[in-house]
Amino acid sequence: MAKPLKKLVSCVILDLDGTLLNTDGVVSEVLKGLLAKYGKQWDGREAQRIVGKTPLEAAAAVVEEYGLPCGKEEFLAELHPVFYAQLCNIKPLPGASRLLKHLSGHGVPMALASNSPRGSIESKISYHQGWKDYFSAIVGGDEVTAGKPSPEIFLEAAKRLNREPSSCLVIEDSMPGVTAGKAAGMEVVAVPSVPKQAHLYTSADEVINSLLDLQPEKWGLPPFQDWIEGTLPTEPWYISGPVIKGFGRGSKVLGIPTANLSPKGHSSLLSEHPSGVYFGWAGLSTRGVYKMVMSIGWNPYFNNAEKTIEPWLLHEFTEDFYGEELRLVVVGYLRPEVNFPSLESLIAKIHEDKRIAERALDLPLYSKHKDDPYLSSSLHSERNHS
């Protein structure tokens, strides 16, 4: 059940990079390549400082942090052509196309408001069919005197939508964006793009883990109608690898034996999919195909240092199968990762996840994937659909 209505809004203003598009992944790859030319290694430590900034501010932060022998303008000039060549590779974040289609289908006016220059925004969205038509207004950082955290960009978007700021809902991934939205007198939902930073977004009216978790009805907007028996169908995605020893806590602490996969080699897949609880089918080449529920993420209760992949095969096995090739077809989403006040409440929730997944996987929508040839194939080719 959705919580009671927070506030009625009549339009939605969205940020682009890190909110609708997974730009950060491409930016990291480009920076990795450029910094290597200077004998430096991009380690992502600057991600927090460049999220939500104008391109020049982001360039200045990288030049300063890495002590590069060039000015910020020079570095940005070097970065631009490489980044623009990669625009076609920027994927929508999970739930982005679903949200835009949903709001557009219900006639909710939308605007894009980004610190990127207008031309860059239009180039990025041109690779995503229909996106340009969803927006009644687009405001770029070069169309205002000051970018976020100044509220100007959002106030201009409201003006172009012909709406009062107080009737606008802003969806943002960065702190400068949240600050700007609140300064504009708007309601703000934060979807933090940098992991494990949600606690910093106290000024937002709501903080959610990913766009999959947005409940439009909280803001007086039409609710999604695509949840089925507590599950959200997703495009199937595929992941495989040998079963590794986990932290030992699955069986020992929780009484839930997970068959962990190594995150190594899956970094791009893990950056594409938000942390949370998913379900689907698991294939072990010598044993068969089983129902599966899986968590991806940092497991807030145990506060993992890196994003982990922890599938739980819903079957009683009499022996361990470390080292065996495990293939997963992920077909749906259950819920975001949340911290639990006690171990008992965590265990109860995991068992509830199991019940929901077991029942849902009998529905034809999901059961058909049990026969996916990927599950029984012993080939080591990786399929990566998302």
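The predicted model contains an open sheet of 6 strands, ordered β3-β2-β1-β4-β5-β6 with parallel pairing; strands here are DSSP E runs of at least two residues, helices are H or I runs of at least four, both numbered from the N terminus, and two strands pair if DSSP finds at least two bridges between them. At the edges stand β3 (137-139) and β6 (206-207), each with a single partner strand, so one side of each has no neighbour in the sheet. Strand β5 (residues 187-190) pairs with β6 in the parallel sense over 2 bridges, and A190 stands opposite V207 in β6.

As for local features, these need pLDDT of at least 70, and side-chain atom pairs count only at pLDDT 80 or more, while totals for chains, interfaces and linings use all residues. Residues are numbered from 1 along each chain as its sequence is written, and side-chain values use heavy atoms, with hydrogens and water left out.

Turning to helix packing, helix α1 (residues 23-37) and helix α4 (residues 72-85) pack at about 125 degrees with axes 10 Å apart; axes are lines fitted to C-alpha atoms, for helices over the stretch in contact, and angles run from 0 to 180 degrees between N-to-C directions. The two helices α1 and α4 are therefore oblique to each other, a class left over once angles under 35 degrees (roughly parallel), over 145 (roughly antiparallel) and 65 to 115 (roughly perpendicular) are set aside. Contributing to the contact (heavy atoms within 4.5 Å) are T23, V26, V27, V30, L31, L34 and K37 of α1, together with F75, E78, L79, V82 and F83 of α4.
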